[in-house]
Amino acid sequence: MFNTVEAGTIVGGPVNNDTVNMAQVQTSRKGFCSVRHGLALILHLCNLSISTQQMNMSIALPVMVNNTALPSSPNASTERPPVDSQDNWNETLNESKAVAAVYDWSPEIQGVILSSLNYGSFLAPIPSSYMAEVFGTRYLSGTCMFITSVLALFTPLAADTGVTVLIVLRVIQGIVQVVLLTSQYSIWARWAPPQERSQLITIAVAGSVLGCFIIFLVGGYLCQTIGWPCVFYIFGGIGCVCSFLWFAVIYDDPVSHPFISTKEKEYIVCSLAQEGSPPGWSLPTKAMIKSLPLWSILIFYFSDYWHFFVLTSFLPTFITSVLQANIRDSGILSALPFASACICVVPGGLLADFLLSRKILRLNTIRKLFTAIGVLFPAVLFTSVYWVRSSFSTTIAFLTISSAIKSFAQSGALVNFVDIAPRYSALLRALSQIFSYLAGAISPTVNGFLISQDPELGWRNVFLLSAAVGILGLIFYLIFGQAEVQDWAKCRHAPASERTE
């Protein structure tokens, strides 16, 4: 069974049972009314804002250019959703163009604009993990939150100035966002007790999923009724507000936080007592390269984000072309899978922590069980979508349920890097982001090629390939994944007796 000593081992070594147990009793009454959960909520809002800023161009671009043609497919759904006529859609689109500028950008230019947000993604993750240690997460992430929000406010002006200016702005914005998304994970190495790690991180991560849902749900409507610039103004303004909240609430560690209670501070500090000092510039590079548990996490990130980019890149097209929904309904329907994932991701984290705190399952078992659930069941449902596409309601139900179940992986392999090396959590998050962006560079290209080769069977191949990649990543993780702190991630000054698993 998983006892308190093992919980201490997760963060670097054994802790005093009596001290931790007493602190747990003293703080158990706080529940969600604690500073650490307040930090998770602020991170949730910031991730929500970042997510909307990452996707607002995808929503606004069809209205920004002179291209309103809708795709079609010979094998369309025979069960139709309630949709307005194409004439009404064109009329609404023309009204939106009357209140906002439109541009004669070719499809190639549009592709560059959309992908420019990721041009610097491969360069920023590793340096940002070091910058978080040098400048502190509070100031680094808070500043990045403010900068990317201001850049979002200036996006309409950049578009009017010229496409080159717009692309440069988005490249800078993408780099700043990567720094923010990477550096924020170093907070949990100092704030998250081992038995609450899943719920705190999933609360924060759920903001990204909720942001996808919100921008899909309201982005198209705002572009049609008010004009596409309002999408950048509204969500850029929300980001500025989040940056002010960040500086007011977020601190690098519990010791420096001015509003935290003594009991909660002692509980967190005692839980993480043996974690050790920040890694600074010294890294066990060779040991990390040889670490199969680390590679299992990175490979799973690639396989999981392959599926994610299939949803974000092609789900609206699938609903529009195969299910024959109009563009407005397509946005709402595309939001449903993200809504279901957002609803289920936090309960999944709570369930994982419940199983751990009640000593029902060991942490390693929990991570692998939740990962397997989050891959196998969604793979079956996702691949079945092609064969049930003649039924509109069944297709949407399968997509929604598969995304809900897939959110369980967030309490599995996707958070596992904090378990195996809490001292290097920001760096490992950076490495995982590189593999995520690698999937983002390959998945849309490969799947787009499959669809272009055969508009009918291409979708079948896209779904089957996504399931195959996910299952291969799962198999590698189940074989080599671990949840114990690795030897290379432990405090080098700790006695040998404390390094024994």
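Helices (H or I, at least four residues) and strands (E, at least two) are DSSP runs, numbered from the N terminus. Helix 18 (residues 392–406) is the place of Ser-402. The model is predicted: local features need pLDDT of at least 70, side-chain atom pairs count only at pLDDT 80 or more, and totals for chains, interfaces and linings use all residues. Residues are numbered from 1 along each chain as its sequence is written, and side-chain values use heavy atoms, with hydrogens and water left out.

**Ser-402**

Ser-402 has a relative accessible area of 1%, so it is buried (under 20%; exposed is over 50%, partly exposed in between; 1.4 Å probe, protein chains only). Its contacts (heavy atoms within 4.5 Å) include Pro-378, Leu-381 and Phe-382, not counting residues up to four places away in sequence.

**Cavities**

A cavity is a set of points, on a 1 Å grid over the protein atoms alone, where a 1.4 Å probe fits but cannot get out; lining residues have an atom within 4 Å of a point. Points are joined across faces, edges and corners, and a volume is the space filled by probe spheres set on the points. There are four cavities of 30 Å³ or more. Helix 17 gives the most, with four residues. By class, the lining has five nonpolar (Ala, Val, Leu, Ile, Met, Phe, Trp, Tyr, Cys and Pro), four polar (the others, Gly among them) and two charged residues (Asp, Glu, Lys and Arg).

**Aromatic rings**

Rings of Phe, Tyr and Trp (its six-membered ring) pair if their centres lie within 6.5 Å; planes under 30 degrees apart count as stacked, over 60 as edge-to-face and the rest as tilted. The count comes to 22 aromatic pairs. In one of them, the centres of Phe-146 and Phe-244 are 6.1 Å apart and the planes stand at 40 degrees, so the pair is tilted. Phe-146 lies in helix 7 (residues 137–153) and Phe-244 in helix 12 (residues 229–249), so the pair ties together parts 98 residues apart in sequence. Phe-146 is partly exposed at 35%; Phe-244 is exposed at 53%. Tyr-301, Tyr-305, Phe-308, Phe-309 and Phe-417 form one aromatic cluster.

**Charges over rings**

A charge sits over a ring if NZ of Lys or CZ of Arg is within 6 Å of the ring centre and within 35 degrees of the ring normal.

| Charged residue | Ring | Distance from ring centre |
|---|---|---|
| Arg-138 | Tyr-251 | 4.2 Å |
| Arg-389 | Tyr-386 | 4.1 Å |

Key: 1 Å grid on protein atoms, 1.4 Å probe; cavity = no way out; pocket = protein on both sides within 12 Å on 5 of 7 lines; lining within 4 Å.
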